[in-house]
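Trainee: I'm new to this one, could you walk me through it?
Mentor: Gladly, let's look at it together.

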Amino acid sequence: MIKHLDGICHVYIDEAADVSKAVKIADNAKTQRYGTCNTMETLLVHQGIAAQILPRLAQLHLEKGVDLRG
């Protein structure tokens, strides 16, 4: 049996992040193994980079059937 504690897994993308790497990391955090306790549940993106990150990530997640809520 695998047991985990209560919690919400967050991913934060800072303004200074490499856009390509950040998109890959956030996509992997949500879609690689979505049934585990360490799957991303909340994505936080710095306002200064949001316009570069969110459209790309949203497209990837929509193609994979991820529900987006904001």
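Trainee: Is Leu 68 buried, partly exposed or exposed?
Mentor: Leu 68 is partly exposed, because its relative accessible area is 45%, where buried means under 20%, exposed over 50% and partly exposed in between, with a 1.4 Å probe and protein chains only. This is a predicted model, in which local features need pLDDT of at least 70 and side-chain atom pairs pLDDT 80 or more, while totals for chains, interfaces and linings use all residues. Residues are numbered from 1 along each chain as its sequence is written, and side-chain values use heavy atoms, without hydrogens and water.

Trainee: Where does Leu 68 lie, and what is it in contact with?
Mentor: Leu 68 lies in the segment after H2, helices being DSSP runs of H or I with at least four residues and strands runs of E with at least two, numbered from the N terminus. Leaving aside neighbours within four places in sequence, Leu 68 is in contact with Ala 58, His 61 and Leu 62, contact meaning heavy atoms within 4.5 Å.

Trainee: How far apart are the C-alpha atoms of Leu 68 and Ala 58?
Mentor: They are separated by 7.5 Å, although the two residues are 10 residues apart along the chain.

Trainee: Changing topic, how many residues make up the largest nonpolar core?
Mentor: It has 10 residues, among them Val 11, Met 40 and Ile 53, a core being a set of buried Ala, Val, Leu, Ile, Met, Phe, Trp, Tyr and Cys residues joined through side-chain atoms within 4.5 Å.

Trainee: And which element gives the most to this core?
Mentor: H1 does, with four residues.
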